[in-house]
Amino acid sequence: MNSGTIHSFLKGKSILVIGTTGFLAKVFVEKILRIQPEIQQLYLLVRASNNDLASQRLQNEVFQTDLFGLLRDKLGQEFDSFISKKVTAIAGDVSVQNLGLKDENLNLFQEIDLIVNFAATTKFDERFDISMGVNTMGPLHVLNFAKKCCNIKVFVHISTAYVCGEANNGEEILQEKPFEMGQTLKGTSKLNIQTEMDLLEKKIDELRAMNADESTIKYALKDYGIQRANLHGWPNTYVFTKAMGEMLVVNQKDNVPLIIIRPTMVTSTNKDPFPGWIEGLRTTDTVIRGYGIGKLACFVGNPNTILDIIPADLVINCVITTIVVHLDQAPKDFIYHISSSLRNPFKVLDFINIIYDYFVKNPCTNENGKPIVISKRLFPTSLSGFNVYLTIRYVIPLKVSNYVNKTCFRFSQDATYDDNYKKNRMLKGWAKLYKPYSCFKAM
């Protein structure tokens, strides 16, 4: 498909974008405004109490980022007026019915041609109530909104390829097929989304009845989400709630043209609008950072596992192309995986070698400004091997410190003890959460 077809399709269209302040959504918005300035309108839904505050969030968190530098340079002094003309900020909340829209925004039903839902909480161990609200009920709320739009041509829901779980079913290549309602990744359990909502509400009521403080409730709901996910075969709360969100929109889509996009691990832009734009720590970044500052010597992973990483701009190119392909027709094949593992496999071993070579040539510096010397490559190991490493690195020193304190009649723990205890706990949790991806068995 040539760029002219895409440009002509986008001309005069009005698009509602949900989850606008997220990483992928920003790349989408920038691309649309740059390649088709004759778009009718971009309605950008932002969580805020009113439209003015929504507009402020867009300015601060979206349009003032480096991502929009190319468009800003291209338009010069006309940039702000162009944004003002083509972009409308909408205050709302994907986790509530009707997207929490005020009466003054209800004329959108007559104007929207396309809806793209990027809204998600991507923390693997997010609070179960938050994840259910955004990742599971959110897509259904967007779908119900789409059903009220008179001119809707397509509703695109951004999911994740890892709704498949840990892919231990023997499949080498994952199929682009929808979930059946109530399907689980364990044959021993049956999933009922309403039951999950009821159990969650009951759990919250129990915690309130115990007069638990907010911190206790937060961590209890994080643990509860992981428990429910594991019960049904998913490794974490994120992919579990995303899978349930898919089930709801597929089961209730009726006549709305639906496309589900499942990207793998999304990373920085490849070349559009420029190479290397990224925001926050994403996917492998936690490992890279920990290794570069000399705090991580090994991690959970198989050297031959393929890390399926896809640049953000390639994901957005696929999203736009898929929309145009399915113009004015209910797509028969409406689920698309966006990945790199078949055409451009990138193994854990490749990752290890690349970050080693980089930090040897470009070392990080410590608090004194001196370079942090990286002398060994990151060592991939099993989860049990990683726990052995943590035992040697943190647990044994903790026990020694505790013994010394008792022997010397010290009844308070020093800062080093507390710091090592927190690091050990954090790394154990981190390893368990990331293992399904660093030891993934399919493509």
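I looked up Asn 211 and found it in the loop between helix H8 (193-209) and helix H9 (214-231). The model is a predicted one. Phi of Asn 211 is near 60 degrees, a positive value in a residue other than glycine.

I then turned to Leu 99, which is not a glycine and has a positive phi of about 60 degrees. Leu 99 lies in the loop between E3 and helix H6 (108-111). The relative accessible area of Leu 99 is 0%; buried means under 20%, so I noted Leu 99 as buried.

Next entry: a cis peptide bond. I found one joining Asp 272 and Pro 273, with omega about 5 degrees. I placed Pro 273 in the loop between strand E7 (265-267) and helix H11 (285-292).

Next entry: the sheet. I traced an open sheet of seven strands, and the order I wrote down is E3-E2-E1-E4-E5-E6-E10, with parallel pairing. Which strands stand at the edges? They are strand E3 (87-92) and strand E10 (335-338); each has a single partner strand, so one side of each has no neighbour in the sheet. From one strand to the next, the twist averages 20 degrees.

Within this sheet I checked the pairing of strand E5 (residues 154-158) with strand E6 (residues 258-263), which is parallel and runs over four bridges. For Phe 155, I noted Leu 258 as the bridge partner in E6. I also looked at helix H5 (residues 79-86), which packs on the sheet and touches strand E2 (41-47) and E3. The direction of H5 makes about 55 degrees with that of E3.

Last entry: a helix pair. I took helix H2 (residues 23-35) and helix H12 (residues 312-325), whose axes come within 9 Å and cross at roughly 60 degrees. The crossing of H2 past H12 is right-handed. Which residues of H2 meet H12? On the H2 side I listed Phe 23, Leu 24, Val 27, Phe 28, Lys 31 and Ile 32. On the H12 side I listed Ala 312, Asp 313, Val 315, Ile 316, Asn 317, Val 319 and Ile 320. Sorted by class, this contact of H2 with H12 has ten nonpolar, one polar and two charged residues.

Terms used
Residues numbered from 1 in each chain as written. Predicted model: local features only at pLDDT ≥ 70, side-chain atom pairs only at ≥ 80, totals over all residues. Heavy atoms only, no water. Axes fitted to C-alpha atoms, helices over the stretch in contact; angles between N-to-C directions. Helix = DSSP H or I, 4+ residues; strand = E, 2+ residues; numbered from the N terminus. Left-handed = near helix turned anticlockwise from the far one by under 90°. Contact = heavy atoms within 4.5 Å. Nonpolar A, V, L, I, M, F, W, Y, C, P; charged D, E, K, R; others polar. Pairing = 2+ DSSP bridges. Buried < 20%, exposed > 50% of the residue type's maximum accessible area, 1.4 Å probe, protein only.
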